[in-house]
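This report describes selected helices and strands of a predicted model. Please keep the sequence and the structure in view while reading.

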Amino acid sequence: ISALALAASTFGAAAQEVSACLITKTDTNPFFVKMREGAEAKAEELGISLNSYAGKVDGDNETQVAAVETCIANGASGILITPSSTSAIVPVIEQARDAGILVIALDTPLDPIEAADMTFATDNYKAGVLIGQWAAAKLGDGAADARVGFLDLDVSQPTVGVLRDQGFMEGFGIDIKDPNQWGDEDDPRIAGHDVTQGNEEGGRKAMENLLASDPMINVVYTINEPAAAGAYEALKAIGRENDVLIVSVDGGCPGVQNIADGVIGATSQQYPLLMASKGIEAIAAYAKDGTKPEATEGKDFFDTGVALVTDQPADGVESISVEEGLNLCWG
């Protein structure tokens, strides 16, 4: 056997030894589907063996814990995870890191954020600030006596939901109390909070609940675009779909199309494929020589970018068009 052939076969064996795990909240949300596509493509390109796992529903910590345990047992080099319960998953993440596995949180930081080696994510706080600023700018003087309904993610208040909610408040001009939780604010413009589990049915029910307690709501913050679509259906059922401003976060293709269709006023677009592909690259570098990824300067995570998408630009708020959003969207 030639030296060249021997080197090639040795490299092939070494490449096969590098394995990674991707653990998402669910395997149905288009955001996580795109994340998996990004991870799979980059893993194939780099010769990394990838195993993917997902919770049954958003909030399913038990299945994610079992997946981490499987990855530890299989000797994975790295784990990419979008945690459903940002604090309850930490003990098993510690076990993985103790076993020498690189752990990267995607999209949703762990609580505490240092529980992972790095977080690759949208600046979710900035995503919230952008839609808050846009909503305030669109209302103009009317922002002073707005009635704002908040459609959040879950009562457990995962970090991603808190960051977006509190960012919106800052952008809109609402005084934030404890930045690590929502619901303690005393601004009279807040009509109430309800939770959606990040899906359309949850968004519809939560919007109905808030309207029952305050039928004059005219601004709706939503955790994501499926929740926004549900909120719109609830408003449409009472003939108020045209006089309520709905803002959201995600930037999936259905959500961006909903801006074009007048369902959502503006959304902050994030880039899940980039999060996952960069995560796989980081695992490859770690497996090669122990290099760990570094945070974006001035932040405690690796920022994968965010852009406000709307067809109604507002003065002083940077945004991209629906056409540009559709070119960059996913799902």
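## Helix H6

Of the 14 residues of helix H6, 12 are buried, so this helix is largely enclosed by the rest of the structure. Among these buried residues are Thr159, Val160, Arg164, Asp165, Phe168, Met169 and Phe172, and the buried residues of H6 pack against helix H5 (124–139) as well as strands E6 (148–152), E7 (190–195), E8 (219–222) and E9 (245–250).

The length of H6 (residues 159–172) agrees with expectation, because 14 residues at 1.5 Å a residue should span 20 Å and the end C-alpha atoms are 20 Å apart. After H6 comes Gly173, which has a positive phi, near 100°.

## The parallel sheet

An open sheet is formed by 6 strands, in the order E2-E1-E3-E4-E5-E11, and the pairing is parallel. Strands E2 (49–54) and E11 (302–303) stand at the edges with a single partner strand each, so one side of each is left without a neighbour in the sheet.

Within this sheet, strand E3 (residues 78–81) runs parallel to strand E4 (residues 102–106) and is joined to E4 by 4 bridges; Leu80 has Ile104 in E4 as its bridge partner.

## Helix H4

In helix H4 (residues 90–98), the buried residues are Val90, Val92, Ile93 and Ala96. They lie on the same side of H4, because they cover an arc of only 160° around the axis. The cover over these buried residues includes helix H3 (61–73) together with strands E3 and E4. Gly100, which follows H4, has a positive phi, near 85°.

Note on methods:
Residues numbered from 1 in each chain as written. Predicted model: local features only at pLDDT ≥ 70, side-chain atom pairs only at ≥ 80, totals over all residues. Heavy atoms only, no water. Pairing = 2+ DSSP bridges. Helix = DSSP H or I, 4+ residues; strand = E, 2+ residues; numbered from the N terminus. Buried < 20%, exposed > 50% of the residue type's maximum accessible area, 1.4 Å probe, protein only. Arc of directions from axis to C-beta. Contact = heavy atoms within 4.5 Å. Expected span 1.5 Å × (residues − 1).
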